[in-house]
Amino acid sequence: MAIITLTRQSGSLGDEIGMLIARRLGYTFYDRKEIERRIVAKGFSPEDLAKYDERKPNIFDRWAKARERYLNYLSMVILEMAQENNCVIMGRGAFLYLSDVPNHLTIRFVSTIEARLRHIKELTHIKNDDFALKMLKDSDKRQREFYKSSFQYDLKDHSRIHATINTALLNPDTMADMIATGIKNTPPAIEEQGEQRVEELIFAQKVANKLIFEQNLRIDELYVIVHGKTITLRGLAAFSATVERATTIINSEWADYEVISEIKCVQDSHYSSKNKER
């Protein structure tokens, strides 16, 4: 029927409401632990996971291959969950990976600082308000920095969120009922379009994996877009030979697809500019 992604402020009851929604719809609920488990199952080390999972990398790790691999595994895990359909996925930027999927709905849960403090104290059995407040502020900061460094996304921007709900104003059961009722009315045609789009996103990730991790091509910020039988490549490469190699690899693997390159060749452009100056 649909794919629901949730993002939430710590202490805003997001996980609890997510589980209620999944229960009412008969959907699978994927939380942080399940996402982490699947990333490790793909071969990513638990030690590296602790460094990158919803963390801002330090200056030495920012361009590390391990971080690139983490984001690659995270993308694949989210897309594979979405492929199963009828699911609720919590956090980790899932809504950004699925933003153009027709049967996808993303909701952000927020709350007042008073309600968040009350909930986090109940959850952790902490009695000190100052310590609990520091926990919330640290969590908010980690989340903002993770989205900014990994997706260049500002959490204050709600333009890619379908709905933002203040959980201090409604009880969890009422919110879950409202959301589940709306989801049940998803037209079958929208669901079919969504399934097709998820398949295209998975294929795009497969192409990216082939070029970057199997063929070790140096294309920075590679972004592969698949629509129908067209593959579009975007990113930065040093030389046009790298782009030609990428096109050749795709043509040999998937001959029935048209390849369009929008990759910018930095060194070639620099060389051309130097020649014009002369």
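Residues are numbered from 1 along each chain as its sequence is written, and side-chain values use heavy atoms, with hydrogens and water left out. Because the model is predicted, local features need pLDDT of at least 70 and side-chain atom pairs count only at pLDDT 80 or more, whereas totals for chains, interfaces and linings use all residues.

**Exercise 1.** Work out which side chains meet Arg-24 in salt bridges, and which helices the pairs link.

Step 1. A salt bridge is a side-chain nitrogen of Lys or Arg within 4 Å of a carboxyl oxygen of Asp or Glu, and a search of the whole structure finds 19 of them.

Step 2. Asp-173 pairs with Arg-24 at 2.9 Å, N to O; this pair links helix 8 (residues 172–184), which holds Asp-173, to helix 1 (residues 14–25), which holds Arg-24, across 149 residues. Helices here are DSSP runs (H or I, at least four residues), numbered from the N terminus.

Step 3. Asp-177 also forms a salt bridge with Arg-24, at 2.4 Å, N to O, and this pair again links helix 8 to helix 1, with the partners 153 residues apart.

Step 4. For accessibility, buried means under 20% relative accessible area, exposed over 50%, and partly exposed in between (1.4 Å probe, protein chains only). Arg-24, at 29%, is therefore partly exposed, as are Asp-173 at 40% and Asp-177 at 38%.

**Exercise 2.** Decide whether Arg-116 and Asp-140, which meet in a salt bridge, are buried or exposed.

Step 1. The side chains of Arg-116 and Asp-140 meet at 2.8 Å, N to O. Since Arg-116 lies in helix 6 (residues 113–124) and Asp-140 in helix 7 (residues 129–151), the pair ties together parts that are 24 residues apart in sequence.

Step 2. Arg-116 has a relative accessibility of 4% and so counts as buried, and Asp-140, with a relative accessible area of 15%, is buried too.

Key
Helix = DSSP H or I, 4+ residues; strand = E, 2+ residues; numbered from the N terminus.
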